[in-house]
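User: I am new to this structure. Please show me how to read it, one feature at a time.

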Amino acid sequence: MIVAKTVQEVRAQAARWKREGHTVGLVPTMGYLHEGHASLVDKARSMCGKVVASDFVNPTQFGPNEDLEAYPRDFDQDCALLEEHGCDLVFYPSVEEMYAPDAATYVEILSDMPKQLCGRTRPIHFRGVCTVVSKLFNIVQPDFAFFGQKDAQQLAIIRRMVRELSYGIEIVACPIVREADGLAKSSRNTYLSPEERQAALVLSRAVFRGQELAASGLRSPRELLDAMTALIQAEPLARIDYVSAVDGVTMMPAQELREGVLVAMAVYIGKTRLIDNFIVGGADA
Ligand code: AMP
């Protein structure tokens with residue numbers, strides 16, 4: 001596996017691969033990789049001639065009081081995982097390589113879409129995500145890019161960005177990978193104390209309960225969200241940021257639990273903010 005730290009190296013290598021006739025897949029990550037990330041690399045491996053992963057904790061998507069400094073990092077372990085899963089190149093830039101000190105150009109969707117769900121507590125988050133993903137798309141110019149359903153709002157926003165900025169890139173969504181007990185895998189799970197780790201199971205329990213209710217034919221988002229909210233509130237270490245049912249494409253509130261509705265939540269377990277979701281009628285319902 002090639003380890004590239006500069007934009008120029010990645011651009012040149014990806015262009016060479018494309019000239020040689022390979023399709024190129026991109027898996028953007030912030031590192032501290034786990035099996036969720038590995039599933040994206042596996043999917044890319046199965047669809048593309050060459051697989052590029054990026055490993056970059058992107059400062060522009062963190063708010064001033066968020067966990068940028070504390071975000072876990074272990075590049076050697078990341079390389080081992082990526083190599084094991086057949087990644088061909090990892091792009092591991094410094095912040096200075098990605099952003100000039102006076103960088104002032106952003107990619108932002110100017111609609112209510114990025115203000116819903118996570119956007120309510122993280123107002124600049126999706127602007128940072130769109131900007132860095134846009135840069136990665138311009139550097140690698142992949143044929144396919146792979147994103148996890150775990151970050152459902154991010155996925156919907158990237159799809160819209162790709163459509164509206166005419167990127168010729170196919171976005172591939174990958175299902176949520178969970179721990180054996182249900183907790184969605186996340187780099188942030190490392191923040192949890194043993195007691196919090198146990199409490200964090202309320203998220204997946206609420207997802208599973210929501211899936212059952214939706215599968216039983218319940219049509220009222222309010223009833224579904226009330227049931228999920230009650231379940232989460234029964235856990236003393238949990239504090240709800242949001243539990244919402246929205247249209248899976250627009251992210252605007254859903255009037256009815258139709259197929260394709262996204263039921264998503266963010267819950268603080270102690271100081272750690274975790275997310276989880278499901279899609280009504282989705283593959284894992
Ligand atoms: P991150 O490193 O958290 O920015 O995540 C990088 C990519 O991996 C994103 O597309 C995430 O949605 C995806 N991802 C993270 N956790 C999981 C998971 N548990 N299952 C599937 N995809 C995931």
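User: How far is the ligand's oxygen atom from an N or O atom in the side chain of H37?

Analyst: Start with the idea of a polar contact: a pair of N or O atoms within 3.5 Å; within protein, one must be able to donate a hydrogen and the other to accept it, and residues adjacent in sequence count only if both atoms are side-chain atoms. Here a ligand oxygen is 2.8 Å from an N or O atom in the H37 side chain. This is a predicted model, where local features need pLDDT of at least 70, side-chain atom pairs count only at pLDDT 80 or more, and totals for chains, interfaces and linings use all residues. Residues are numbered from 1 along each chain as its sequence is written, and side-chain values use heavy atoms, with hydrogens and water left out.

User: Which residues around the ligand come nearest?

Analyst: A residue is near a molecule or strand if one of its heavy atoms lies within 4 Å of it. There are 17 residues around the ligand, and H37, G148, D151, V177 and K185 come nearest.

User: Which helices and strands supply the shell around the ligand?

Analyst: Helices (H or I, at least four residues) and strands (E, at least two) are DSSP runs, numbered from the N terminus. At least two shell residues come from each of β2 (24-29), α2 (35-47) and β5 (144-148). The largest share, 3 residues, is from α2.

User: How many shell residues are nonpolar, polar and charged?

Analyst: Ala, Val, Leu, Ile, Met, Phe, Trp, Tyr, Cys and Pro count as nonpolar; Asp, Glu, Lys and Arg as charged; the others, Gly among them, as polar. The shell has 8 nonpolar, 6 polar and 3 charged residues.

User: What should I look for in the largest nonpolar core?

Analyst: In soluble globular proteins, nonpolar side chains tend to be buried together. A nonpolar core is a set of buried Ala, Val, Leu, Ile, Met, Phe, Trp, Tyr and Cys residues joined through side-chain atoms within 4.5 Å. Buried means under 20% relative accessible area, exposed over 50%, partly exposed in between (1.4 Å probe, protein chains only). The largest core holds 45 residues, and F137, I158 and I171 touch the most other members. α6 gives the most to this core, with 9 residues. Domain 1 (2-174) and domain 2 (187-279) each give at least three residues to this core. The domain bounds come from an automatic or database domain assignment.

User: Which residues other than glycine have a positive phi?

Analyst: Most residues other than glycine have a negative phi. Y32 has a positive phi of about 50°. Y32 sits in the loop between β2 and α2. Another case is M251, with phi near 70°. M251 is in the loop between β7 and β8.

User: Are Y32 and M251 buried or partly exposed?

Analyst: Y32 counts as partly exposed because its relative accessibility is 25%. M251 has a relative accessible area of 1%, so M251 is buried.

User: What does the side chain of S186 reach?

Analyst: The S186 side chain reaches the backbone nitrogen of R188 at 3.0 Å. S186 is in the loop between β6 (170-174) and α8 (194-199). S186 counts as buried because its relative accessibility is 17%.
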